[in-house]
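The following note sets out several points for a colleague's attention. Please read it alongside the sequence and the model.

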Amino acid sequence: MKQTLKSLSARLRSSIAGTMVIETAIVMPVLVVISLGVFDTGRMFARQTFLQSAIGEATAIALAAGSGATTDVNQIKDVLVQSSKLPADQITVLKKYRCGDDPTLLDSSSTCTTGEEVSTYLQVTITDTYKPMWTEFGVGHDITYDVTRTSQVA
């Protein structure tokens with residue numbers, strides 16, 4: 001009996017049949033978590049890029065309007081709402097003005113001195129919230145995007 005136990009023990013120590021299964025069981029959950037994190041991070045960056053592209057579209061429309069077309073702020077906002085599929089309350093399109101060399105942007109050009117050069121700007125702000133998948137497990141929190149671009153149009 002002792003001899004049989006000894007030989008069984010020796011055979012088990014020299015056997016490598018189950019080592020790959022054990023290693024896989026240890027490493028696989030870590031690889032799955034890393035893969036999901038990379039996937040979700042890619043989705044976050046894609047959303048940021050999408051929002052920046054939408055603002056670029058608004059800038060292109062405003063520049064076209066400045067070169068002769070007649071497009072107002074509300075029309076630009078409507079185009080952004082339709083193209084981005086975001087609610088209107090998440091998109092703000094404002095005209096801003098700058099008097100002469102003063103770097104301050106104003107809400108109205110009427111505060112500029114008569115005869116002073118007035119530059120017109122378009123300020124587009126898009127806000128959005130992204131809910132990463134790991135927040136479902138109580139890790140982290142929602143990410144709020146607040147993308148603003150101010151472009152001189154005239």
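1. The torsion about the S-S bond of C99 and C112 is about -80°, so this disulfide is left-handed. C99 belongs to strand β1 (residues 91–99), while C112 sits in the loop between β1 and β2 (118–130), so the bond ties together parts that are 13 residues apart in sequence. It should be kept in mind throughout that the model is a predicted one.

2. The two sulfur atoms of C99 and C112 are 1.8 Å apart, S to S. The cut-off for assigning a disulfide is a pair of cysteine sulfur atoms within 2.5 Å. By this rule, the count is 1 disulfide.

3. Are the two cysteines buried or exposed? C99 has a relative accessible area of 7% and is buried. C112 is buried as well, with a relative accessible area of 12%. The cut-off behind both assignments is a relative accessible area under 20%.

4. With a relative accessible area of 40%, V32 is classed as partly exposed.

5. R47 is also placed in helix α2. Its relative accessible area is 23%, and R47 is therefore partly exposed, since the class covers values between 20% and 50%.

6. Which residues does R47 contact, once its neighbours within four places in sequence are left aside? They are L86, D128 and Y145.

7. The backbone at K85 deserves a separate remark. Phi of K85 is near 60°, which is a positive value in a residue other than glycine. K85 is located in the loop between α3 (73–84) and β1. Its relative accessibility is 71%, so K85 counts as exposed; the cut-off for that class is over 50%.

8. To draw the points on accessibility together: C99 is buried at 7% and C112 at 12%, R47 is partly exposed at 23%, V32 is partly exposed at 40%, and K85 is exposed at 71%.

Conventions:
Residues numbered from 1 in each chain as written. Predicted model: local features only at pLDDT ≥ 70, side-chain atom pairs only at ≥ 80, totals over all residues. Heavy atoms only, no water. Helix = DSSP H or I, 4+ residues; strand = E, 2+ residues; numbered from the N terminus. Buried < 20%, exposed > 50% of the residue type's maximum accessible area, 1.4 Å probe, protein only. Contact = heavy atoms within 4.5 Å.
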